[in-house]
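Keep the sequence and the coordinates open while reading.

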Amino acid sequence: MKQSFQILPIILLTLLSNVSSLSAQAKDTGTDSVGELKVSLIFGTNGDADQAGKDLKQPSKEQLEALNKLKTIKFAHYKMLGEDQQPILRSYENWANPMKSSKEILLSFQPRGKPVGDHLKMDLEFWQSHKKIMKSGATLKKGKPLFIQGPAWRGGKIIIAVELMSLTNEKPAEAEKK
Amino acid sequence: MNRPDEKTLCSWLDGELEGEELRQVETWAEANAAELDAEFKCEIGWDALNDGALASLSDSIEPPYPEFFNSKIQQAISDETELENVVVPSSSSSSFWQKLRLMLAPAAVAALVAFYAGTQMQSSSSSSDMAADQNSIYVPHSGIVAAVSESSGATEIVLDGLTPISDELDIAAGETSPGDSPMMANADDEESTYIFF
């Protein structure tokens, strides 16, 4: 009887440590989403846009307007090769694979800190043919896309459009407005 | 005994007499001490006077304050020794440091000039890299240049020098050039690093 009382604190301590470790695992907020990022792969050419493939759609109206306003990247025709929208994880890297079945062009991204207003500073890495081509510490803003003119292909250029679609810290402000 | 002659008296005073002759002269001197002092006072040699003076001092009597004089002598000797052992090396060590400073000063100036020249050469040779750095862009592969332009509506990055994607590769149809995907490699790493209890 006396021995059982002596073992009781050890059992309680073990239970407490297990509970605390479980709660620590549950509290990993690093995987929380702080926003959404959309990455589009666009084919831009001054020649025949069908060289990229038949039955390809044009970019959206908003994207076309933004593309036509660009100073450096200028092409007569644009075709959408693919797009991917992924959550921005609070403290982990995430990947965008705009062409679902092809991994020729990839983009990895990770926030550098907390969102400030409608801005988010991020580490963006552009990968081509399994090689890291560029690393950028771009500050993204909703409504202000980032366009990267990439490699040549079939008489045109591959363009990567990166758009910040949402930030989680916008929600309270939006809720207040509503 | 009659009065000894001058030569004998001088020999006696110099301690050169021996035997019977010495005894006779000493006997006469004791009997005629007053005469002897008055007559030969000024004729005694300095050597004899010194000997006599030394002989008059007792060996058992020490000079006054001997420890004081001895300590002063020891102090003077030690001071002289210190001057020889300490002052001379310190002067040599200071000259060494002076020499070292003289040697290091031009070297430091040369290093500063080289550093400044290096930074100038690097910035002038890779102005595109500098521009990329200002926009927080890093291009690890040589031959690839990133040009950034910013407007109110969008940010543009133009990468020149990239290897073209083969026209044979139908990326629209899902084709990928041979090799391991970095995305999958990263996923494998993550799986291996996460440990769940």
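β8(A) pairs with strand β9 (residues 156-167) of chain A; the pairing is antiparallel and runs over six bridges. The model is predicted. Within this pair, Leu146(A) stands opposite Val162(A) in β9(A). The two strands form a hairpin, with two residues between them. Arg154(A) sits in the turn and has a positive phi of about 50°.

β8(A) also pairs across the chain boundary. Its partner there is strand β3 (residues 155-160) of chain B, in the parallel sense, over four bridges. Ile148(A) stands opposite Ile157(B) in β3(B). A further pairing between the chains joins β6(A) to strand β1 (residues 137-138) of chain B. Here the sense is antiparallel, over two bridges. Lys135(A) has Tyr138(B), in β1(B), as its bridge partner.

The strand pairings compare as follows.

| Strand pair | Sense | Bridges |
|---|---|---|
| β8(A) and β9(A) | antiparallel | six bridges |
| β8(A) and β3(B) | parallel | four bridges |
| β6(A) and β1(B) | antiparallel | two bridges |

How covered is β8(A)? Seven of its eight residues are buried. For chain A, the buried share is 45% of 178 residues.

Now the interface as a whole. Chain A puts 45 residues into the contact, and chain B puts in 44 residues. Together the chains bury about 3,700 Å². Carbon and sulfur atoms carry 58% of that area.

How many salt bridges are counted between chain A and chain B? The count is two. Arg154(A), the turn residue of the hairpin, forms a salt bridge with Asp170(B). The closest N and O atoms of that pair are 4.0 Å apart.

Which strands of chain A supply the side that touches chain B? β4 (105-111), β5 (119-128), β6 (131-136) and β8 (146-153) each supply at least two residues. β8(A) gives the most, with eight residues. By type, the residues on this side of chain A divide into 22 nonpolar, 13 polar and 10 charged.

Last, the fold of chain A. Its secondary structure comes to three helices and nine strands. From the N terminus on, the order is α-β-α-β-β-β-β-β-β-β-β-α. Among contacts in chain A between residues at least 6 apart in sequence, 54% join residues at least 24 apart.

Note on methods. Residues numbered from 1 in each chain as written. Chains lettered and ligands numbered in written order. Predicted model: local features only at pLDDT ≥ 70, side-chain atom pairs only at ≥ 80, totals over all residues. Heavy atoms only, no water. Contact = heavy atoms within 4.5 Å. Buried area = accessible area lost by both parts, 1.4 Å probe. Salt bridge = Lys/Arg side-chain N within 4 Å of Asp/Glu carboxyl O. Nonpolar A, V, L, I, M, F, W, Y, C, P; charged D, E, K, R; others polar. Pairing = 2+ DSSP bridges. Buried < 20%, exposed > 50% of the residue type's maximum accessible area, 1.4 Å probe, protein only.
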